[in-house]
Amino acid sequence: MWKILRQSIAYGWRLLCSRPAFFGVAVFLPLFCDFFFLNLMHEGLPLRVPAAVVDQDHSTLSRRVIRNLSASELVDVTQEVESYSEALRKVREGEVFGFFLLPRDFQKNALNGAGTTVTFYSNLSIFVPGTLVFKGFKTTAVTTAGGVAVTTLTSMGVDEAAAGTLLQPVVVQQNPLANPWMNYSVYLSNSFLPGVIALLVVLLACFTICGEIKHATSPEWLRVSGGSMITALFGKLLPQAVLFTAIGVFTQSLLYGYCHFPLNCPAWQMVLAMVMLVLGCQGFAVLICCALPNLRLSLILASLTGILAFSIAAYSYPVQSMYGGVAIFSYILPVRYYFLIYTDLALNGVPMYYARFYFAALALFMVLPLPLLGRLKKRCLNPVYVP
């Protein structure tokens, strides 16, 4: 038994070493994504997003508003234009991500109590910079309105402190939990990088399993494994699991050790989650191969589910806000449970006991294809490739 198992594992290693592209997928591509993405997000939050200002008043108050806007850490006023149409054209051409419009008679109407309107536009088709510009614009608009109101009240004889209390009777103190720095990379890197690893695990497993059928080498693969489909899959997937687990743990060491992202649980718990993610993704890949023992179709399905994981199982959109018919698909992807484990254990410091169901779900993916292995074995014994 041990001899057959060693032969199967050796067969898997030889296959993995036979093509440099396999090591490129398993090692170099995840490492490239690690360094590229962490370097891209090293500041944690994109700051100083380009924006434009349309000043139709050219008054002392409008220039003060523009200076306050320029002093914002989120907005970089790169252009001052004279018309709404010109500012809108620059937004459409991608030169700026929004513009702030100060109307004519802005100072006059604001100070004499007639009322005035400050308008700002942001391009939310590019979500992150558009949202940051919107936030910077809104902060400046609220601050300007408050400043004008304080000026009006003090000119009427109201004490400045009393005027401030009237405008803001309740002061809100924000204390963000788990990520007090509001560092976007804490959320994005911990979802995107394991998601890339999960996608590559599924693709490589599907390629190597169904590739045996395509090239009619599956009978030899089973012969080396003593005719056991479980032994054959174990020998083929174990070398891949070792490589991907090592890369996954290295990625975690970059996130929690080098970048000092929050790790509010023992490190071994996240290492265990990474090991189970790799094995769960391999089980998911075997399930795909059992259902579709065809190289082209299995890779298409693996790519589709792997790419969708970035939207329906990661942090780009909350599952609770999805339509029910879409949200249900998030729970059939292994990477979803890794994200939930990360959120509970590493980010929020919840005891591991409360994340036991997520670990159990990853373990379920490992054994899920067992009832269908007979179908895969039948196709491996009679490899008829259908292009």
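**Exercise 1.** At what angle do helix 11 and helix 14 pack, and how far apart are their axes? Classify the pair and describe the contact.

*Solution.* The model is predicted, and every value below is computed from it.

Step 1. The angle between helix 11 and helix 14 is about 170°, and their axes lie 9 Å apart.

Step 2. Angles over 145 degrees count as roughly antiparallel. Helix 11 and helix 14 are therefore roughly antiparallel to each other.

Step 3. On the helix 11 side, the contact is made by Gln 269, Met 270, Ala 273, Met 274, Leu 277, Gly 280, Cys 281 and Phe 284. They meet Pro 334, Val 335, Tyr 338, Ile 341, Tyr 342, Leu 345 and Ala 346 of helix 14.

Step 4. Sorted by class, the residues of this contact between helix 11 and helix 14 are 13 nonpolar, two polar and no charged.

**Exercise 2.** Repeat the analysis for helix 2 (residues 20–40) and helix 10 (residues 229–258).

*Solution.*

Step 1. Helix 2 and helix 10 pack at about 10°, with 10 Å between their axes.

Step 2. The cut-off for roughly parallel is an angle under 35 degrees. Helix 2 and helix 10 are therefore roughly parallel to each other.

Step 3. Helix 2 contributes Phe 23, Val 25, Ala 26, Val 27, Pro 30, Leu 31, Asp 34, Phe 35 and Leu 38. Their partners in helix 10 are Leu 243, Phe 244, Ile 247, Phe 250, Thr 251, Leu 254 and Leu 255.

Step 4. The contact of helix 2 with helix 10 holds 14 nonpolar residues, one polar and one charged.

**Exercise 3.** How many cavities of 30 Å³ or more does the whole structure contain? Describe the lining of each.

*Solution.*

Step 1. The search finds two such cavities.

Step 2. The largest cavity has a volume of about 100 Å³. Of its 13 lining residues, Ala 198, Val 202, Gly 306, Ala 309 and Val 335 lie nearest the centre. Val 335 also belongs to the contact between helix 11 and helix 14.

Step 3. At least two lining residues of the largest cavity come from each of helix 8 (184–214), helix 11, helix 12 (295–312) and helix 14 (334–347). The class count for this lining is 10 nonpolar, three polar and no charged.

Step 4. The second largest cavity has a volume of about 30 Å³. Gly 12, Leu 15, Leu 16, Phe 22, Thr 208, Lys 236, Pro 239 and Gln 240 line the second largest cavity. Helix 1 (2–18) and helix 10 are the elements that give two or more residues to that lining.

Step 5. By class, the lining of the second largest cavity has four nonpolar residues, three polar and one charged.

**Exercise 4.** Which element gives the most residues to the lining of the second largest pocket?

*Solution.*

Step 1. The second largest pocket holds about 360 Å³ of space. Its lining has 15 residues, with Leu 233, Phe 234, Leu 237, Gln 282 and Met 366 nearest the centre.

Step 2. Two or more lining residues of this pocket come from helix 10, helix 11 (267–291) and helix 15 (356–367). Helix 10 gives the most, six residues.

Step 3. The lining of the second largest pocket comprises 13 nonpolar, two polar and no charged residues.

**Exercise 5.** Is Cys 380 buried or exposed? Locate its contacts.

*Solution.*

Step 1. Cys 380 sits in helix 16 (residues 373–381).

Step 2. The relative accessibility of Cys 380 is 0%, so Cys 380 counts as buried.

Step 3. Leaving out residues up to four places away in sequence, Cys 380 touches Ile 213, Ser 218, Pro 219, Trp 221, Leu 222 and Met 229.

How values were computed:
Residues are numbered from 1 along each chain as its sequence is written. This is a predicted model: local features need pLDDT of at least 70, side-chain atom pairs count only at pLDDT 80 or more; totals for chains, interfaces and linings use all residues. Side-chain values use heavy atoms; hydrogens and water are left out. Axes are lines fitted to C-alpha atoms, for helices over the stretch in contact, and angles run from 0 to 180 degrees between N-to-C directions. Helices (H or I, at least four residues) and strands (E, at least two) are DSSP runs, numbered from the N terminus. Angles under 35 degrees count as roughly parallel, over 145 as roughly antiparallel, 65 to 115 as roughly perpendicular and the rest as oblique. Contact means heavy atoms within 4.5 Å. Ala, Val, Leu, Ile, Met, Phe, Trp, Tyr, Cys and Pro count as nonpolar, Asp, Glu, Lys and Arg as charged, and the others, Gly among them, as polar. On a 1 Å grid over the protein atoms alone, a cavity is a set of points where a 1.4 Å probe fits but cannot get out, and a pocket is an open set with protein on both sides within 12 Å along at least five of seven lines; lining residues have an atom within 4 Å of a point. Grid points are joined across faces, edges and corners, and a volume is the space filled by probe spheres set on the points. Buried means under 20% relative accessible area, exposed over 50%, partly exposed in between (1.4 Å probe, protein chains only).
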